[in-house]
Amino acid sequence: MSHTLKIGLAGLGTVGISALKRLVSMQTNIAEKAGLAIDVRAISARSRTKDRGIDLSNFHWYDDPVALAKSDDIDVFVELIGGDSGSAEASVRAAIEAGKHVVTANKALIAKHGNALARRAEANGVALNFEAAVAGGIPVIKAVRESMTANSISRIYGIMNGTCNYILTRMEEEGLSFDECLKDAQRLGYAEADPTFDVEGNDTAHKLTILTSLAFGTEIDSESVTIEGITNITSADISAASELGYRVKLLGVAKKTQTGIEQRVHPTMVPKDSSIAQISGVTNAVVIDGDAIGSVTLAGPGAGGDATASAVIADIIDLARGLEVKPLGRPVEALDPFKKSEIYAHKGGYYIRLRVNDLHGVFASIATRMAEQEISLESIVQHKKRSKLKVDAELKGTGKHQDIILITYETTENRIHNAIEAIKQDGHIVDTPQVIRIARI
Ligand code: NDP
Ligand code: HSE
């Protein structure tokens with residue numbers, strides 16, 4: 001390697017263009033920190049003519065990122081295209097086989113192909129760095145992979161998707177609709193190219209599986225995550241939760257159990273005074289429970305061009321400094337196969353919202369069905385507000401509806417299921433029941 005680290009950068013979108021601008025504007029400062037000049041030699045994107053707010057004429061242009069990845073003129077290939085297949089996958093594979101170090105922010109790619117890519121990177125003696133892939137600007141990969149190696153980690157969890165947390169925060173604080181908030185998240189560059197990955201929970205799952213591997217020394221297994229997104233969370237749930245002293249958050253949780261490892265992503269109601277409830281907007285927070293450290297929380301911007309570029313550039317600087325770590329913290333051969341825990345038993349209460357016919361006795365009948373399943377209720381609230389559905393029903397002359405909101409004490413998913421089935425059989429429910437787990441974490 002010469003006294004310059006030569007970079008090829010593919011993808012000039014939200015993250016790519018922020019990274020490029022920062023590498024150029026901070027060139028001297030970065031060189032001083034890295035001990036080596038860092039020079040972007042070549043770039044690639046789909047459109048050569050798009051105005052990206054920066055003069056690109058000094059960089060060699062490639063229409064094909066795979067050709068850029070193999071170029072003799074680069075030492076490091078930076079992949080900021082996205083997606084777990086197509087050009088992103090092909091160019092990363094090509095770079096590794098051509099003996100180039102790789103830096104990527106692509107969690108979908110690492111979640112799906114991380115084991116194989118890490119194996120090839122090791123075989124070719126190159127680095128595969130992906131700090132930006134999890135929790136944007138928070139240095140959580142380095143923390144778990146390098147700074148916490150003296151620990152036996154028992155659990156890792158948190159808010160790992162900026163888009164979802166941004167949506168849930170604004171729905172609660174400003175009473176905006178889901179769609180309005182999602183549009184803003186897209187405009188601000190937080191959302192994935194296909195935002196269903198964010199709101200359906202897949203993006204959190206990708207990040208969680210990467211952290212699981214680093215925390216527990218297992219192969220990445222993206223097939224065994226239980227995933228529920230936030231698309232079914234309504235303004236009614238958010239305001240009811242708020243009235244009852246809770247906030248809704250999309251959490252990713254990975255935990256060691258006696259039978260294996262549990263990986264799950266789902267909306268969770270957390271008490272308003274808990275530390276995780278304070279994480280608002282695009283901010284992410286990851287909590288790591290280790291035997292030596294106790295519990296460590298890392299919080300910071302989880303998405304956005306500049307915050308993510310910060311992590312991308314840190315990975316490049318590590319390479320300039322000669323810091324190379326096995327991509328998954330240890331040789332792939334030394335990773336344990338992933339063993340999924342047999343059952344997931346939620347320990348905690350539940351929030352249940354039932355839209356029911358507004359008839360005499362329904363309230364009491366629901367309470368009875370809950371009691372039959374030995375479910376104790378912390379609170380039961382009748383919402384007398386005129387919901388849109390209620391108005392629609394009245395107009396159609398089909399009767400009156402109301403929301404009944406129940407907060408249970410600790411019980412099992414099975415008992416909740418049985419109680420709801422019985423209430424359905426009683427013919428009281430007019431819409432799909434909403435059930436959200438409550439966690440006191
Ligand atoms: P964008 O959609 O904003 O940018 C994608 C870029 O890739 C565009 O410049 C596009 O070109 C280019 N591209 C697409 N297909 C090709 C191709 N076949 N050949 C060459 N270039 C191509 O994505 P982001 O910047 O938001 O995300 C990039 C990566 O970073 C993704 O893996 C994402 O998951 C990850 N990430 C994103 C974060 C964020 O906050 N946005 C945070 C953390 C990670 P063109 O501009 O010409 O269309
Ligand atoms: N779409 C992702 C998010 C980008 O909103 O968290 C950061 O990984």
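User: In this predicted model, how many Å separate the centres of domain 1 and domain 2?
Analyst: The protein chain is divided into domain 1 (4-133), domain 2 (140-301) and domain 3 (346-438). Taken over C-alpha atoms, the centres of domain 1 and domain 2 are separated by 27 Å.

User: Which three residues supply 46% of the area that domain 1 buries against domain 2?
Analyst: Contact between these domains involves 12 residues of domain 1 and 14 residues of domain 2. The area buried between them is about 1100 Å², and carbon and sulfur atoms give 56% of that area. On the domain 1 side, 46% of the buried area comes from three residues, more than any other three supply: Lys107, Ala111 and Glu131.

User: With which residue does the side chain of Lys107 meet in a salt bridge?
Analyst: Side chains of opposite charge can pair when their charged atoms come close. A salt bridge needs a side-chain nitrogen of Lys or Arg within 4 Å of a carboxyl oxygen of Asp or Glu. For Lys107 the N to O distance is 3.2 Å, and the partner is Asp203.

User: How many salt bridges are there between domain 1 and domain 2?
Analyst: A search of the whole structure finds 28 salt bridges. Between domain 1 and domain 2 the count is 2.

User: Which residues of the lining lie nearest the centre of the largest pocket?
Analyst: The lining divides into 17 nonpolar, 20 polar and 12 charged residues. Helices that each supply at least two of the lining residues include α5 (107-124) and α10 (202-216). Of the 49 lining residues, those nearest the centre are Leu80, Ile81, Gly82, Glu192 and Ala193.

User: By about how much of a helix are Lys142 and Glu146 separated?
Analyst: Lys142 and Glu146 form a salt bridge, with their closest N and O atoms 3.1 Å apart. Both residues belong to helix α6 (residues 140-147) and are 4 residues apart, so the separation is about one helical turn.

Methods:
Residues numbered from 1 in each chain as written. Chains lettered and ligands numbered in written order. Predicted model: local features only at pLDDT ≥ 70, side-chain atom pairs only at ≥ 80, totals over all residues. Heavy atoms only, no water. 1 Å grid on protein atoms, 1.4 Å probe; cavity = no way out; pocket = protein on both sides within 12 Å on 5 of 7 lines; lining within 4 Å. Nonpolar A, V, L, I, M, F, W, Y, C, P; charged D, E, K, R; others polar. Domains from an automatic or database assignment. Contact = heavy atoms within 4.5 Å. Buried area = accessible area lost by both parts, 1.4 Å probe.
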